[in-house]
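Trainee: I have a new model open and I'd like to learn how to read it. Could you walk me through it, feature by feature?

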Amino acid sequence: MAEAATQEIGLFNRREFLRLGFWAATALAAAEIGGAALVFFWPKLKAGAFGGEVNIGTLEEILPQLPMDAVPLYFREARFYLSHVEDGLLALYRKCTHLGCVVPWNYEEDQFHCPCHSSLFNRKGEWQGGPAPRPMDLMGIDIRNGEIWVDTGEISQRTAYVPSQAVPI
Ligand code: FES
C-alpha cells in the first residue's frame, strides 16, 4: 500500500510524472531563452517613452543595422517600426489601420502581415491587400545633431505614400 502510494502520484505513475516534469522544465527554459533573445534583439530606446518623443540613437548607430530596404527595425517599447526606403526614414505605427491589431513583419512574405484579418503593407506602410482602409500611420521623425528622435505622440493618418513623408538622411 505504501509502495503504491510512492509509485502513484494522482493520475500519473512515477515515470510519467518525472517525464512530465522534465518536459515542463525544458519548455520553461526554452521560453526564458526565447524571451531573453527577443529582448536582446529589440533595439532599446535611449530616452523617452511611448506617448512622447523618444530618442532611438544616432544615425551612425542605427544605419548600419538598417540599410535601405532592410527589414524594418522594431522599437517595441515605442510601438513603431523604423523603415529605411529610397526617400529616407519612416516611423510606422504598429497598429493596424483596420481594427487595431499589432502588425508584425512577415519575413517569408517580406512585408507586414496583420494576423487578425490579413491586411498587408510594404516597407513604406502602403496598403497591399486585406480590409485595412489606408496605409499604416506615421510618427514624426526629427534628426537633431545626428540623433534620431521619433514623436510617438504625433501619429498621422495618410491616404497614400508620398516621398515627402520620409525624412531624408
Ligand atoms: S485588424 Fe488588421 S486586418 Fe483587421
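This is a predicted model: local features need pLDDT of at least 70, side-chain atom pairs count only at pLDDT 80 or more; totals for chains, interfaces and linings use all residues.

Trainee: What is Phe 80 in contact with, leaving aside its neighbours within four places in sequence?

Mentor: Its partners include Val 54, Ile 56, Phe 75, Leu 92, Met 139 and Val 150.

Trainee: How many residues of strand β3 are buried?

Mentor: In β3 (residues 53-58), 5 of the 6 residues are buried, so to speak mostly covered. As for its pairing, strands of a sheet pair through backbone hydrogen bonds, either parallel or antiparallel. Here β3 and strand β12 (residues 147-156) run antiparallel and are joined by 5 bridges. One to click on is Val 54, whose bridge partner in β12 is Val 150.

Trainee: In what order do the strands of the open sheet come?

Mentor: The order is β7-β8-β9-β10, 4 strands with antiparallel pairing. At the edges sit β7 and β10 (127-129), each pairing on one side only. Between β7 and β8 there are 2 bridges, and Trp 105 has Phe 112 as its bridge partner in β8.

Trainee: Let's zoom in on one residue. Where is Gln 111, and is it buried or exposed?

Mentor: Gln 111 is in strand β8 (residues 111-113). To judge burial, compare the relative accessible area with the cut-off: buried means under 20%. Gln 111 has 16%, so it counts as buried.

Trainee: What does Gln 111 touch, not counting residues up to four places away in sequence?

Mentor: Pro 104, Trp 105, Asn 106, Leu 120, Phe 121 and Gln 128. Its side chain also makes a polar contact of 3.1 Å with the side chain of Glu 109. And look at Asn 122: Gln 111 is 11 residues away from it in sequence, while their C-alpha atoms are 4.9 Å apart in space.

Trainee: Now the cysteines. Which ones does a disulfide join?

Mentor: Cys 101 and Cys 116, with an S to S distance of 1.9 Å. The pair links distant parts of the chain, 15 residues apart: Cys 101 lies in the loop between β6 (88-93) and β7 (105-106), and Cys 116 in the loop between β8 and β9 (120-121). The count for the model is 1 disulfide.

Trainee: Why is this disulfide called left-handed?

Mentor: Because the torsion about the S-S bond of Cys 101 and Cys 116 is about -100°. On accessibility, Cys 116 is partly exposed at 35%. Cys 96 is buried at 5%, and so is Cys 114 at 2%.

Trainee: And the whole protein: how many helices and strands are there?

Mentor: There are 3 helices and 12 strands. Of the 169 residues, 35% are buried. Finally, among contacts with a separation of 6 or more, 48% come from residues 24 or more positions apart.

Note on methods: Residues are numbered from 1 along each chain as its sequence is written. Side-chain values use heavy atoms; hydrogens and water are left out. Buried means under 20% relative accessible area, exposed over 50%, partly exposed in between (1.4 Å probe, protein chains only). Contact means heavy atoms within 4.5 Å. A polar contact is a pair of N or O atoms within 3.5 Å; within protein, one must be able to donate a hydrogen and the other to accept it, and residues adjacent in sequence count only if both atoms are side-chain atoms. A disulfide is a pair of cysteine sulfur atoms within 2.5 Å. Two strands pair if DSSP finds at least two bridges between them.
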